[in-house]
Amino acid sequence: MLEKGVIPNQEPLVSVGIHLPQDKFNATTISFTDPKLFEITINGNPISIQSELKLKVKDGYIENEAASIVNISQLSILRKDQCLSENQGLIIHSVVAGRGFHWQKEISVQLPGHVIIEVRDDFLFTVNEVPLEQYLICVATSEMSANCPDALLEAQTIAARSWVLAASEKKHADLGLDACNDDCCQRYQGIGSRSPSAKKASLSTRGKVLIVNEQICDTRYSKCCGGRTEDNELTWKTEQKSYLRSVFDGPEEIKNNLSNENVVKSWIESQHGCYCGPKYVSANDINEYLGEVDKIDNYYRWSVHYTQREIVNLISEKTGNYFDFISAMIPILRGKSGRIMELRIDGIVNGDNSSIMLKSEYEIRRVLHPDFLYSSAFIIETNSSVGKEQLQFTLHGAGWGHGVGLCQIGALGMALAGYDSKTILAHYYQSSELINIYD
Ligand SMILES: [Zn+2]
Ligand SMILES: [Zn+2]
């Protein structure tokens, strides 16, 4: 596992979780183009196989489907040669993509590096140990389509490399992982989607990271800031980072304070010529350049409408506070990108006035949508024309994601406009410096 604060002087291996215990998988199939390319061991003893391994969990151990091999506590599949071509590899079936989100689905992934399978909490726990640069090639095209301009893929690759090496989040440290395979860390879908352009981006930026004060930057990024990025400390209640400041996402700085209710209203109602807006990236561009799972438009400015019944059901179900009526949603605190960080919801519970407070942008997004709201940068329009008891709500919003750090659509807009990766990174991670830590 990578260690926070340690800067490696050669390319490290990264441990990526493929099946997490929380996925609750108790069966999977692994297929090989050529099993002879791997050294496969069960509890430390080598075995040979034909072409496929069908595995299931039974009584705290793994066994193969035919039950000819039982009591497996660890199955390891080591690649004899790390530099196999793209078509030679192993494929793991039944892997979650979009874990916990409305786009969650099961996919098959072809993986580079080694694979180790164990049982954790009675479910499969599969780890891919992969050289960092190979991991990054896969991340670059899993996050964005391979058709993206070089500058965008390079910027994305440097941000992804810095994020892994900074090892600040460590969301799965209890499992000994550097990252999981999904949006919660960085989307990693193996070498199936690997492209020549992503490979080029890795090669041309090999070993390059962003630093500030001799520390690798915790380079956060999100899909679309909505026109202005957000400060890190309000979003995660973490220590303020000089390179994660709110920046206006366009060529000509507009100085505005979006934490003010009146300013944010006119902001969301207009377009402003931002890098992540339609002036730089059209709706057609989006479908061409976004990764497979994200084919949705209207992310820059969007609206979601709820009837009284819908909003009552939604909030009651998501918070466990069973409202009879919702009378208002009041933003209490907004960040500089206009994202609401604290929202008060007023209504009636069992005949009495009642209020609840949603205290983070994540919680607001989780509660105010059946799946997950694009962002918490929204204004609230109420409509009582159908009668006060039927009060309706429309959220008019901007952006997609937490908005801190690099804006992926904005970086795409900058790349399409001809900016190079260094300029793109300097725009989003102000005060950072680009250096090379290994060859
Ligand atoms: Zn994760
Ligand atoms: Zn943006």
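Colleague: Is C185 buried or exposed?

Modeller: C185 counts as buried, at 11% relative accessibility. Buried means under 20% relative accessible area, exposed over 50%, and partly exposed in between (1.4 Å probe, protein chains only). C184, at 31%, is partly exposed. This is a predicted model, where local features need pLDDT of at least 70 and side-chain atom pairs pLDDT 80 or more, while totals for chains, interfaces and linings use all residues; side-chain values use heavy atoms, without hydrogens and water. Residues are numbered from 1 along each chain as its sequence is written, with chains lettered from A and ligands numbered from 1 in the order written.

Colleague: Which atoms coordinate the zinc ion (ligand 1)?

Modeller: Donors are N, O and S atoms within 2.8 Å of the metal (3.2 Å for Na, K and Ca); water is not among the atoms, so sites may look incomplete. For ligand 1 they are H172 (NE2), C180 (SG), C184 (SG) and C185 (SG), at 2.1 to 2.4 Å. Their spacing in sequence is H-x7-C-x3-C-C. The angles among the four donor atoms are 104 to 120°, and the site is tetrahedral (all angles between 85 and 135 degrees).

Colleague: How are the donor residues of the zinc ion (ligand 2) spaced in sequence?

Modeller: The pattern is C-x23-D-x26-C-x130-C. The donors are C225 (SG), D249 (OD), C276 (SG) and C407 (SG), at 2.0 to 2.4 Å. C225, in the loop between β15 (221–222) and α4 (232–236), and D249, in the loop between α4 and α5, are 24 residues apart and link distant parts of the chain. C225 is buried at 2%, and D249 is buried at 0%.

Colleague: In what order do β16, β20 and β21 lie in their sheet?

Modeller: Strands pair through backbone hydrogen bonds, either parallel or antiparallel. Here the order is β16-β21-β20, in an open sheet with antiparallel pairing. The edge strands β16 (301–306) and β20 (378–383) each pair on one side only. From one strand to the next, the twist averages 20°. Strands (E, at least two residues) and helices (H or I, at least four) are DSSP runs numbered from the N terminus, and two strands pair if DSSP finds at least two bridges between them. Six bridges join β16 to β21 (residues 392–398); Y306 has F393 as its bridge partner in β21.

Colleague: Which helix packs on the sheet, touching β16 and β21?

Modeller: That is α7 (residues 308–319), whose direction makes about 95° with that of β16. Helix α5 (residues 261–268) lies across β16, β20 and β21, at about 90° to β20. Contact means heavy atoms within 4.5 Å. Axes are lines fitted to C-alpha atoms, for helices over the stretch in contact, and angles run from 0 to 180 degrees between N-to-C directions.

Colleague: How many aromatic pairs does the structure hold?

Modeller: The structure holds eight. Rings of Phe, Tyr and Trp (its six-membered ring) pair if their centres lie within 6.5 Å; planes under 30 degrees apart count as stacked, over 60 as edge-to-face and the rest as tilted. The Y275 and Y419 rings are 5.8 Å apart at their centres with planes at 75°, so this pair is edge-to-face. Y275 lies in the loop between α5 and α6 (283–289) and Y419 in the loop between α9 (408–416) and α10 (421–428), so the pair ties together parts 144 residues apart in sequence. Y275 is buried at 4%, whereas Y419 is partly exposed at 31%. Y275, Y280 and Y419 form one aromatic cluster.

Definitions and conventions: Four donors count as tetrahedral if all angles lie between 85 and 135 degrees; four count as square planar and six as octahedral if opposite donors are over 155 degrees apart and all others between 65 and 115; anything else is irregular.
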